Structures are given as C-alpha cells and as structure tokens.
Amino acid sequence: MAMISTRGVVARGKGEPVQVTEVLVPEPGNGEALVRVQACGVCHTDLHYKMGGIGDDYPYLLGHEAAGVVEAVGEDVTEVQPGDFVILNWRAVCGQCRACKRGRPWYCFATHNATQKMTLSDGTPLSPALGIGAFAGKTLVAAGQCTKVNPAIAPATAGLLGCGVMAGIGAAINTGGVTRGDSVAVIGCGGVGDAAILGARLAGAKTIIAVDIDDRKLEWAKDFGATHTVNSKKTDAVEAVRELTDGFGADVVVEAIGRPETYKQAFFARDLAGTVVLVGVPTPEMELELPLLEVFGRGGALKSSWYGDCLPSRDFPMLVDLHLDGRLPLDKFVSETIGIDDVEAAFAKMEHGDVLRSVVIL
Ligand code: APR
Ligand code: ZN
Ligand code: ZN
C-alpha cells in the first residue's frame, strides 16, 4: 500500500535530543483515520517518553495533545468523515469491555489505537506517543480517537483538550464531582492544576485555593479563577487550607503533581467526608504511608482520575462550545506557539516552568 510522507518529531533513544525527520504514514485501513494535524501541545508525557520513563520502545513518534482535520478514513468508519475538525483522544472507547458494558465507558479497559504502523523512511516501525504521534504533519489513529468538535475554535486551543486540560477540568468536575458552593483546593498549579481550577470555577465552586511553591504559578492560577493562593514553601499547606475554610478543610482537594508528600497534604487538607482526587502521575518507586485510622475516620473518597475520567464524545464538544460562548478561557493555556523544529527547546522551557503549554503549529 502507498505510504504518505510527512515530517515528524522522533525520539530515537533514551535521553537523546529529538529529531525532526521523515515519517511514512499508511493509508487508513479498517477502523482507522488519517488526520492532518494542525496543532499539538508539548506535554510532560512527551518528555517522559524521550527520557525513557515510559518504556523502551524507541523510536517514538512524539506528540499527543492535538487537533486537526480528518483527511481520509478506512472503509468501515462511521464516526467521522473527511473534512471533520477533530480533537484526538488517547482513550478510544471500545464499547465491548466490562466497563463499557456496565455503562461506564470513561473507564474503558480496552481502549485502542490504529492497527497499522507508521514508520521511519527505512521502514523501522514507530511507537506513537499515547497511540497518537501528532508532532507530525499527518498521523494515523483509530477512528474512535477522533472527536468532532465545532471548527470555530483555534486548533492550538482545541488540541490541549486532548490531554492535560481535559485531565484537569475532568479531575475537578467528573472525578471530584465539584458543584455549586463547594470549597476546592488544588495542589500544583501547572497546566493540569490550572485546568482543575478552571473546572472548579465552571462548576460553581465558592472557594478555590491554589497551592504551589512558585509565586509566578500562583499569579497565573488567580487568572484561572483561584480565589486564594498559598505558597507551600513559605506556609504549611494543610494549615492554610483549613484557615481559608473556617477551620474545616476543603470539600474537594485535587493533587496535580503526583508525589507522596503532596498527596498527604491533599489528604489532610480535606474536610470530613471530602474527596481527594489524584490526577498527578507518580513514578514507580513512590510509596504512600497514611494512618489507617485517619483513612477510616475522615471518611469520604480517595479517587484517582484517569484522563479526567472524561468521555471525549461527551466532554470535548461541550467544552469547546463553552469556550466559544466565552465561558471557558481555554486559550489562556497556550503560552506560545512554535514550529515543529522547536520541540527540544520547548522541553527546556517546560522543565524550567516558564510555560503552561507550548503548542506546535503544523
Ligand atoms: N508543592 C506544591 N507545588 C509543587 C510541588 C510541591 N512540592 N512540586 C511541584 N509543584 C508545582 C510546580 O511548581 C508546578 O507549578 O506543581 C506544578 C506542576 O506543574 P507542571 O510541571 O507544569 O505539570 P502539569 O503539566 O500541570 O502536570 C502535572 O499531572 O498529568 C500529570 O504527568 C502530569 O504528573 C504531572 C501532573
Ligand atoms: Zn471498553
Ligand atoms: Zn499529555
């Protein structure tokens, strides 16, 4: 079958600088869609792939927070058609697994990707980041990974809903169940934490406390709707959250870092019967120790949020429409737009905390 040539950002080996090189993309087969990528955000997960933190399946085709236009679809595809403007998601719901059959498709245990492989020009198969691989002019995905949304939204803004922003908004609304009048604390105010703040505000939370160790991040958090900020380098996070909630703790605490010490802060900064949501992703060696009596005595729920427990087909179009109505300033997450050759530089900015998101325009 004819392969389509494009350029993509490839990580060839552990820790090596990424390369922009020729990538060959198969024409879509059964259940697949070929997407012309318009924008793709630079996420920590891409850096993890490059650094070997996710696996050893080099070469990786990086990029997964993307939006674009469907160019072609395989024969049996009904979800989308050529010309549709779509956000790519990395959890294509299968409809068949036990989670889907129980009516909880956002937990789908058998999410799927394209079957055919994209390759380097010498035929070496690529491992696409999170089954997407969208730092490329074109990419091949499972049709279910494409969610059609209103094309009036800027692609750079839309793409971010495909990962970090959806994870944060969903952590607050879907997993945490934040609702009108709630008090919410968010620990860690990067892109994911700020999205949780935005989600909490959208849901009508009354008090939204941003916790971070970086004053610059706390300033940005205010812009997303934080009513109070706490620098946990200078002040005890748990005490501060209690003080700001009449001595009780927050109804919902979102941990958007993924570390045992900040998880513990989340646990103790929560009111009785409150909810802790872990959306930050820990590393394999991390362990958590908590007094079991407190786990019982404080009641409530300790939850993890996979991809914001989102259902792309339900949540992406809704959030895009809210944005277009002027009720959800998603464009604030786009710190800068860059070219495909600038991903390595963007990783450095991300590590220094200089940006919420750099977005590659293709
Ligand atoms: N206490 C408080 N804040 C902290 C601490 C700490 N001990 N350590 C780091 N932070 C803050 C940083 O200052 C930064 O503002 O947490 C924030 C983390 O943000 P980013 O590094 O930009 O990460 P982000 O993209 O928001 O993702 C956060 O969610 O999806 C996961 O893999 C992702 O684990 C990561 C997390
Ligand atoms: Zn399923
Ligand atoms: Zn991501």
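**Cores, a sheet and a zinc site**

Modeller: In this predicted model, the largest nonpolar core has 50 residues, and those with the most contacts inside it include Val165, Val178, Leu330 and Phe333. Helix 4 (residues 164-175) gives the largest share of this core, six residues. Apart from it lies another core, of 33 residues, with Ala66, Val70, Val80 and Cys146 among them.

Colleague: What makes a group of residues a nonpolar core?

Modeller: The residues have to be buried and of a nonpolar kind such as Val, Leu or Phe, and be joined through side-chain atoms within 4.5 Å. Val165, Leu330 and Phe333 belong to the largest one, so they meet that rule.

Colleague: Why is histidine 64 called buried?

Modeller: Buried means under 20% relative accessible area. Histidine 64 has 0%, so it counts as buried. Cysteine 163 has 6%, so it counts as buried too.

Colleague: Which atoms coordinate the zinc ion (ligand 3)?

Modeller: Cys43 (SG), His64 (NE2) and Cys163 (SG), at 2.0 to 2.2 Å. The cut-off for a donor here is 2.8 Å, so these atoms count as donors. Histidine 64 and cysteine 163 sit 99 residues apart, so to speak in distant parts of the chain.

Colleague: Why do strand 7 and strand 8 count as edges of the sheet?

Modeller: Five strands form an open sheet in the order 7-2-1-4-8. Strand 7 (119-120) and strand 8 (127-128) each have a single partner strand, so one side of each is left without a neighbour in the sheet.

Colleague: How do you know that strand 2 and strand 7 pair?

Modeller: Pairing takes at least two bridges. Two bridges join strand 2 (residues 19-26) to strand 7, so they pair, and they run antiparallel.

Methods. Residues numbered from 1 in each chain as written. Chains lettered and ligands numbered in written order. Predicted model: local features only at pLDDT ≥ 70, side-chain atom pairs only at ≥ 80, totals over all residues. Heavy atoms only, no water. Buried < 20%, exposed > 50% of the residue type's maximum accessible area, 1.4 Å probe, protein only. Helix = DSSP H or I, 4+ residues; strand = E, 2+ residues; numbered from the N terminus. Donors = N, O, S within 2.8 Å, 3.2 Å for Na, K, Ca; no water.
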